Amino acid sequence: MKKLLYLFLPVLLLFSGCTREIENRLTELEQRLAKVEEQVKELNSQVSLIQNLINGKYFIQSAAELPDGSGYKLVLVDKDGKTVEKTVLCGKDGKDGATPSVGVGKDTDGNYYWTLNGEWLLVDGKKVRANGTDGENGKDAPMTEFKVENGKWYAKVGDGDWTYVGDAVTEVVGPIVSVDASKPDVVVITLADNTVLELPKASVAVKLQIVVDDSVFQNMTAGQTKSAPYEVIVPAGVTYTLDSYEPESWKVIISKPQSNKGNVTISVPDAGKSAKVLLIANGSDGSSYVKVLHIDVEGGDEDAPVVMEEILDETSGSIDLPVGATEIVISASWITLSGNQLLIEANDTYDSRTATVSFKVGDKTYVLTVVQAQKDAIVLTDNTLLSGSEGGEFPFVIKANVAVKAAADVTWIAVAPATKGLEDKPFIVTVEPNEATVPREGTITFFSGELQQVVTVTQEAAQPIVPPVSGVFELLTDASDLHEGDEIIIVNQAKTHAMGAQSGTYRSRVSVTVTDDTISEPEEGVAVITLEGQEDSWNLKVQDGYLAAQSATKNQLLTVNSVTDYATWAISVEANGLATIQAAAGSRNLLLYNSQSGYERFSCYANTGNSTKEVLIFHKSGVPAVPVTQYSALGLYLGTQERVYQAGTDQYVRSYDGNSMEFVLLEPKGKEQVKISGLTTSVQIGDAVTVSVSWKKDKTWVLNKDYPMTVLQDLNGKLWVGDTKGRGIIIRK
């Protein structure tokens with residue numbers, strides 16, 4: 001709102017000859033008052049800017065000094081990442097003592113308060129907050145505004161009354177003296193009272209913009225040519241092209257940018273009238289920016305207003321008014337004035353809207369019509385649709401204020417309208433049954449022109465028939481025991497569940513019973529994996545395909561029909577049985593078990609965590625166990641090979657404490673030893689015994705457990721002790 005400045009001066013005419021001198025003084029006074037009024041307007045604009053910067057509602061992204069050194073062209077970014085331009089005119093530093101200094105100072109409570117001429121600004125006896133909340137009702141600190149009237153300073157806080165705060169002077173300047181945005185993280189603002197503010201720099205992404213001082217092109221005349229420097233602010237990695245739009249017979253030349261800077265030259269035709277010129281930047285990332293230059297051409301149709309129009313999209317933005325614009329009247333609340341800029345709020349409604357802005361530059365009247373597009377929208381009630389393997393029809397509702405069509409990217413999904421500001425639009429999605437044993441995914445695109453939304457349809461796999469499992473599977477403690485054609489079962493560390501069939505994008509779990517690190521006759525539904533390939537390049541063949549990590553971005557364990565790097569695995573096993581199973585491709589390629597409640601499954605992850613842990617491998621040998629009684633040499637037998645240690649070849653030590661016997665097999669070169677204990681000299685054929693086996697390779701325990709066995713044979717001073725799995729020992733009694 002325009003603030004009127006009145007000054008009443010008593011005039012005493014003593015001599016009629018003084019008339020011309022009085023007229024001159026009155027003219028000078030009117031000019032001075034007009035100047036002060038403009039200065040107060042700039043002051044309030046800067047006060048508002050400082051308050052918004054302190055409160056984090058705006059951040060300075062860049063500051064370019066105006067060519068004449070009178071101020072800065074600022075690029076501001078609001079908290080939502082939207083950019084606006086603002087011109088700040090800087091005053092003197094006040095050293096001549098003739099200008100008041102409005103500033104801010106930080107008090108002992110850590111908050112900023114407004115100052116006037118170095119003293120706290122007091123309204124109703126209280127300091128006026130510039131940041132945060134006002135301390136009384138918890139709302140944002142209200143905006144502070146100044147005016148000069150009848151030679152006195154007045155201040156108003158929010159919607160309060162104007163309060164006298166001191167005598168005015170004839171020169172008013174804004175508080176900002178300089179703006180330095182050259183540092184990467186902070187912007188340094190120096191105020192007229194020598195206060196230095198260090199504020200965080202805009203951290204949001206830089207947007208494509210053109211910065212140019214359009215004041216150069218004001219008050220041009222027909223046939224005249226003028227030039228002004230421009231700068232393109234461009235995001236990292238983005239290239240751009242420049243173009244222009246100008247009235248017929250006008251000429252606009254944009255020089256080739258060097259380091260994103262150049263000059264724009266505008267020539268007005270001989271019969272040219274006031275008009276606008278558009279400078280257009282188009283980025284390689286699809287972004288664009290339009291800078292509108294309002295060109296005032298003197299002469300011609302002086303009495304008729306200049307009619308202009310701006311057509312905007314629904315996003316927020318700004319329109320620069322010509323420098324020196326006065327008597328600004330705005331017809332809508334969604335347009336506000338900041339300095340010489342019109343700030344346009346985003347149109348969050350689903351209808352277009354129109355407003356007018358009238359203003360004057362000198363004696364010329366302008367009427368600007370602003371048309372802002374509506375927010376065309378397709379709003380999804382959900383962006384995913386899940387279907388069981390059996391398929392079916394699924395009602396699906398979207399909201400839109402435009403006519404919407406739909407298209408699926410796969411043939412097994414069909415979409416049809418069930419039946420049009422923003423209304424429900426129902427569709428029926430038909431999904432065909434999935435007979436494959438792998439899940440599948442498709443998308444539906446709802447679109448209207450360039451507006452579109454995508455729904456992902458995920459369908460579960462058909463449950464494969466898992467054949468019954470037979471045989472005995474033992475805990476694997478050495479990956480070198482694996483060979484092509486071997487069968488394995490993958491089990492969680494708790495030894496309670498084994499991997500089952502495919503379920504969605506992971507493998508299900510099946511209860512399993514583990515006794516003595518052995519699974520005998522696994523439960524129905526347990527997935528038996530057949531090894532194909534070779535060491536460090538295993539392919540894990542299951543009933544319905546090959547296990548594959550398949551995704552570098554999602555936690556998935558799928559079944560595929562052919563071998564890829566995602567389906568090629570390296571397997572390593574620690575002495576305690578913990579197995580690392582890792583696919584050759586993908587960043588989420590570790591086969592782990594997730595024990596989190598509601599998410600229990602076997603799948604692939606980037607790393608182990610609180611609930612995702614390594615698995616165990618239970619191995620079924622392709623060679624039947626040979627009873628230990630088939631051998632005659634003293635030593636230790638594990639069932640899958642003839643013997644581990646031999647008496648006579650390896651060092652053999654026996655001790656007897658009168659109660660139990662202990663045997664130690666040594667292999668010094670490999671720093672290995674196996675200690676067997678738990679037997680007595682009084683055992684007879686058929687006795688059930690518990691044999692303790694402790695096997696250490698260097699400092700690593702390979703085996704340290706008890707085995708239930710039976711005394712099988714006592715012959716010629718030798719004793720055969722073993723189990724049904726071919727494990728056992730032959731010792732001298």
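## Salt bridges and nonpolar cores

Glu85, Lys291 and Asp320 are joined in a network of salt bridges. This is a predicted model, and 6 salt bridges are found in the structure.

- Lysine 291 forms a salt bridge with glutamate 85, with 3.1 Å between the closest N and O atoms.
- This pair links distant parts of the chain, 206 residues apart: lysine 291 sits in strand 21 (residues 288–295) and glutamate 85 in strand 3 (residues 83–89).
- Both lysine 291 and glutamate 85 are buried.

**Around arginine 727**
- Arginine 727 forms a salt bridge with glutamate 474, where the closest N and O atoms are 3.9 Å apart.
- Here too distant parts of the chain are linked, with arginine 727 in strand 60 (residues 727–732) and glutamate 474 in strand 37 (residues 472–475), 253 residues apart.
- Arginine 727 counts as buried because its relative accessibility is 8%, whereas glutamate 474, at 24%, counts as partly exposed.
- Aspartate 723 also forms a salt bridge with arginine 727, the closest N and O atoms lying 3.0 Å apart, and both of these residues are buried.

**Nonpolar cores**
- The largest nonpolar core has 36 residues, and Ile60, Val104, Trp114 and Ile189 have the most contacts inside it.
- Helix 1 (residues 19–54) supplies the largest share of this core, 7 residues.
- Apart from this core lies another of 26 residues, including Ile529, Leu591, Phe602 and Cys604.
- Leaving aside residues up to four places away in sequence, isoleucine 189 touches several residues, among them Leu53, Ile60, Ile176 and Leu199.

How values were computed
Residues numbered from 1 in each chain as written. Predicted model: local features only at pLDDT ≥ 70, side-chain atom pairs only at ≥ 80, totals over all residues. Heavy atoms only, no water. Core = buried A, V, L, I, M, F, W, Y, C linked by side-chain atoms within 4.5 Å. Buried < 20%, exposed > 50% of the residue type's maximum accessible area, 1.4 Å probe, protein only. Helix = DSSP H or I, 4+ residues; strand = E, 2+ residues; numbered from the N terminus. Contact = heavy atoms within 4.5 Å. Salt bridge = Lys/Arg side-chain N within 4 Å of Asp/Glu carboxyl O.
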